[in-house]
Amino acid sequence: MDIGLGFSTAKNSVLAAQEATRLAKMNMKEEIDLAVAFSSTDISSTNLLNTIATSLGTEVPLIGLSGLAIISNQGISTHGLVLLLLKFPEGVHFNTAYTKDVNERSTLAGEEMGEKLLYGFQDIPRALAMIFSDGLIEAGSNFIYGLQERLGRSFPVTGASAPDSVFLKSHLYFNREVSTNGCAGILWGGKLNFSLGIKHGWKPLGKPHIVTKSNDNVVDEIDYKPAVKFYQEYFNCDFAKLRKDLNQISIFYPIGVYLEGEEEYLLRNILSIESNGTMRFQGNVPQGSQIRLMIGTKETCLAAAKQAAEEAKRNLFSNPRMEIKKEGLKKFALVFSSISRFMLLRRDANRESEIIQEVLGPDTSVIGLYTRGELAPLRAVSYRGEVYLHNQAISILIIGG
Amino acid sequence: MVGENTMYLIGLAGLITVVYLSVIIMLKMKKIKALQTEIYKLQRALDETEEQAKLLVRTDMELNKAQEELDKKVTSLYALQKLSRAVSTSLEENQIFKRIEVSYLEELGFEKTLVYLWDEQEKKFRLFINKGYSEEDSVAITDYLNFNTEPYLNFIKSQKALSANSKALDDAKKETIKFKFKVASFVLAPILPKEGSQGFIFAGTENKDAPISEGDEELITILANQLGQALENARLFEKTWRAQQDLEKKVEERTRDLTRALEEVKMISQRKTEFVSSVSHELRTPLTSIKGYAAILLTGKLGELPEEVRLRLDKINRHSDELVQFVNDLLDISRIEAGREAMKQTSEELKKIIDSVSDLLSTQLKEKEIELSYDIADNAGVVFVDSNQIKRVFINLINNAIKFSPPKGKITIKSHKDDKQVQIDISDNGCGIPEHAQGPIFEEFYRVDNQINQQLKGTGLGLTLVKNIVQAHKGKIWVKSQPGIGSTFSFTLPQ
């Protein structure tokens with residue numbers, strides 16, 4: 001496998017694309033199979049993608065996202081572009097696909113994405129899918145449900161959605177197209193060696209509560225009381241104050257859904273509070289779930305990043321699809337870290353990417369983005385590898401060969 | 001009987017059973033009570049934990065808010081430091097604004113920033129920084145400002161910052177500003193350089209969840225002050241630079257005038273030298289004839305002369321000699337000035353030169369019984385000079401010393417090494433030279449106005465010749481004198 005990584009902090013999209021592509025191409029010996037690009041939102045434009053394509057000199061499938069901050073071997077940058085060029089070894093197959101209007105028809109869009117990805121994969125054993133979306137897919141769980149309808153309930157899917165900032169909308173990159181309200185995906189198959197690590201580091205606080213009434217991502221009652229009371233009682237504040245502090249509360253104190261056999265609770269961020277006292281979360285919260293209020297600190301957050309990186313590194317060698325040797329192994333890591341972590345860590349945000357690099361080693365190319373909603377399968381046997389939408393998590397995918 | 005016994009036994013067994021069951025129930029009841037107590041305790045502990053969790057989470061939230069505010073301040077201060085450094089390192093007004101990077105302003109927590117300065121001549125606000133607005137929006141805002149200049153000029157005059165939180169602004173005005181500048185919150189801070197046009201900085205955010213704090217207002221005020229200071233420095237620098245340029249121009253002009261004047265003076269001096277030289281040459285021929293004829297007449301070869309005629313001819317002869325000497329001095333001066341008189345320099349013993357001059361002037365010294373002594377330092381005994389010319393220097397200076405010294409006076413010659421030259425001092429205890437005359441004494445035809453000069457004849461060329469000869473040897477000459485005490489003429493010669 002050949003891996004080329006390019007990085008640029010140029011404020012002009014054309015200059016950034018030229019610089020990053022030039023650097024990424026330096027390590028590429030043969031033709032390029034796939035390009036993955038993450039950029040800050042300020043430089044996202046068709047110019048950026050056209051310049052990458054022109055600089056590559058050939059049409060290469062490209063997928064990517066723009067967001068608030070990018071992650072690379074250089075650390076975290078709120079302005080810039082990171083570009084990963086890949087040439088896969090023989091026996092590895094992949095297909096890319098795009099689907100639009102995801103928010104309006106989340107389940108259907110998921111199914112459509114699955115169908116498109118499967119195109120041409122009849123005789124090839126499927127390995128892993130990765131899905132990107134711009135902004136927030138409100139009914140993200142429904143999209144995954146639709147996707148799993150086609151790919152299979154236990155098929156491993158990873159990916160993330162980029163958060164919009166208060167000022168700028170994030171964008172989805174697919175080939176030369178810049179779009180919004182869409183999803184782009186890759187389906188790998190054949191002898192692909194990959195491993196995943198996902199953790200969040202938030203800890204439960206107080207006594208367990210039961211979701212007594214909910215529908216998908218809308219929770220009506222907790223402990224037979226309007227859902228909003230849950231937060232009002234914890235924070236001793238009225239409805240208006242809770243709404244005002246919603247962003248902060250959502251980042252620092254999400255709810256944790258207890259999952260039998262899982263090491264960590266499944267976190268859910270609050271999206272909004274309705275005037276009737278119901279709460280909408282980013283991701284489904286099944287009725288009858290046992291939930292806890294969760295709290296995160298910088299220390300637990302950084303420790304979780306380390307555990308996720310260690311887990312991904314360990315798993316790469318545990319069940320390889322093709323023989324791999326530690327010596328001379330070429331690998332790259334795709335890191336999706338929740339924007340909530342960025343907000344929690346603030347000035348220590350760089351420490352997280354440093355920890356990942358320390359664990360994976362300096363020879364691992366790292367590319368990533370700050371996200372809002374990370375996709376990864378659950379580990380507990382009882383869930384049979386079912387993919388869930390995670391919040392506040394750091395997800396690390398390593399592909400090596 | 002058997003039936004009775006059986007009934008009795010059954011009754012007893014029943015009683016025992018009831019008693020046993022009662023005991024069991026009692027024991028169970030006790031256990032249940034104990035368990036209920038435990039459950040109650042556990043429930044209470046759980047409730048207490050929940051209450052503690054609530055306290056913890058509330059405290060944590062407060063801490064997080066404080067931390068966030070602190071982080072924001074640290075980041076802002078860091079950004080402010082970078083901004084201050086950027087603006088203060090430029091002394092060019094336009095460069096000050098160009099150095100402000102958008103990322104620094106974003107770090108201050110504002111994604112929209114405008115800087116306006118008031119143009120006194122045009123009577124309108126001019127936009128200098130636009131960060132975060134489209135061209136179209138900034139033009140619209142500038143137009144709005146220039147249609148409503150008064151409140152913004154008054155705000156600048158007030159010298160106080162305003163924000164979306166200010167009580168000094170009523171709600172209607174705040175809403176107008178928010179609407180016109182397309183923001184949810186804002187800070188306005190005046191830019192007040194002491195010189196030149198003043199203005200203001202507008203910093204705003206569309207983020208409704210990030211209201212302006214007092215800290216934000218202070219930060220933008222500090223930035224405005226820094227900008228004001230930087231503008232003031234740039235303007236002062238420009239002013240100073242312009243003044244310096246003017247001064248340099250004037251100095252250049254004056255230097256040019258002076259050079260021109262100097263050239264003219266040199267030309268005049270050259271013409272004078274040439275004139276003096278040519279006149280002297282012209283005078284020398286008739287003088288030679290006059291002196292020759294007078295000498296022939298005095299020999300008596302052309303017939304005996306009456307005593308009266310001889311006396312007159314003697315006078316003609318003597319005056320002719322004086323005139324020849326005068327003309328020769330003039331010619332020497334003009335030759336040296338014109339550089340035509342090359343100095344034939346060789347190493348000479350100073351003592352020999354002084355002895356030779358002393359011999360030459362022995363008659364005059366004896367006449368006035370003047371004592372001439374000298375003190376030559378060991379390392380200052382040899383000079384690299386044209387001995388004939390330097391003898392004339394000594395002759396002139398010693399002659400003057402004799403002339404102005406009283407009978408039985410003293411003349412002292414001393415020499416010492418001064419750097420690479422030899423300094424010679426010729427001192428007398430004569431009448432001295434008044435201070436005002438010490439400067440021009442070396443000028444041509446200058447004669448000190450004193451009794452001796454009135455009685456004794458002189459050309460006023462001797463010291464000029466001396467000066468020219470010393471200068472031709474790259475030396476210097478000067479005089480120190482006190483009237484009534486004496487004079488010391490000092491000059492330097494190369495070794």
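Tutor: Contact here means heavy atoms within 4.5 Å. This is a predicted model, in which local features need pLDDT of at least 70 and side-chain atom pairs count only at pLDDT 80 or more, while totals for chains, interfaces and linings use all residues; side-chain values use heavy atoms, with hydrogens and water left out. Residues are numbered from 1 along each chain as its sequence is written, and chains are lettered from A and ligands numbered from 1 in the order in which they are written.

Student: What share of the contacts in chain A with a separation of 6 or more comes from residues 24 or more positions apart?

Tutor: In chain A that share is 81%. For chain B the corresponding figure is 68%.

Student: And how many helices and strands are there in chain A?

Tutor: Chain A has 10 helices and 26 strands; chain B has 14 helices and 12 strands. These are DSSP runs numbered from the N terminus, with helices (H or I) of at least four residues and strands (E) of at least two.

Student: What percentage of the residues of each chain count as buried?

Tutor: Of the 401 residues of chain A, 61% are buried, and of the 495 residues of chain B, 36% are. Buried means under 20% relative accessible area, exposed over 50%, and partly exposed in between, with a 1.4 Å probe and protein chains only.

Student: What is the accessible surface of each chain?

Tutor: For chain A the accessible surface is about 15400 Å², with 48% belonging to carbon and sulfur atoms. For chain B it is about 30100 Å², with 55% on those atoms. The areas come from the Shrake-Rupley method with a 1.4 Å probe, and for residues only the protein chains shown count as cover.

Student: Changing topic: how many residues does each chain bring to the contact between them?

Tutor: Chain B brings 26 residues and chain A brings 24. Together the two chains bury about 2200 Å², 56% of it on carbon and sulfur atoms. Buried area is the accessible area (1.4 Å probe) that two parts lose on being put together, summed over both.

Student: How many salt bridges cross the interface?

Tutor: Four are found between chain B and chain A, and the count over all chains is 35. The rule asks for a side-chain nitrogen of Lys or Arg within 4 Å of a carboxyl oxygen of Asp or Glu.

Student: Which residues of chain B does Arg346(A) pair with?

Tutor: Arg346(A) forms a salt bridge with Asp71(B) at 3.9 Å, N to O. Arg346(A) also forms one with Glu68(B), where the closest N and O atoms are 3.8 Å apart. Arg346(A) lies in the loop between H9 and H10 of chain A and Glu68(B) in helix H1 of chain B, so this pair joins two chains.

Student: Is Arg346(A) buried or exposed?

Tutor: Arg346(A) counts as buried, because its relative accessibility is 17%. Glu68(B), at 37%, is partly exposed.

Student: Which salt bridges lie within chain A?

Tutor: One of them links Glu115(A) and Arg150(A), with the closest N and O atoms 2.6 Å apart. Glu115(A) is in helix H3 (residues 106-118) and Arg150(A) in helix H4 (residues 140-151) of chain A, so the pair ties together parts 35 residues apart in sequence. Another joins Arg341(A) to Glu352(A) at 2.8 Å between the closest N and O atoms; both of these residues are buried.

Student: Where is Ser76(B), and what does it contact beyond its neighbours within four places in sequence?

Tutor: Ser76(B) is in helix H1 (residues 2-88) of chain B. Ser76(B) counts as buried because its relative accessibility is 1%. Beyond those neighbours, Ser76(B) is in contact with Glu107(B), Leu108(B) and Leu219(B).

Student: Finally, where is Asp419(B), and what is its phi?

Tutor: Asp419(B) is in the loop between strand E9 (410-418) and strand E10 (421-428) of chain B. Its phi is positive, about 60°, although Asp419(B) is not a glycine. With 67% relative accessibility, Asp419(B) counts as exposed.
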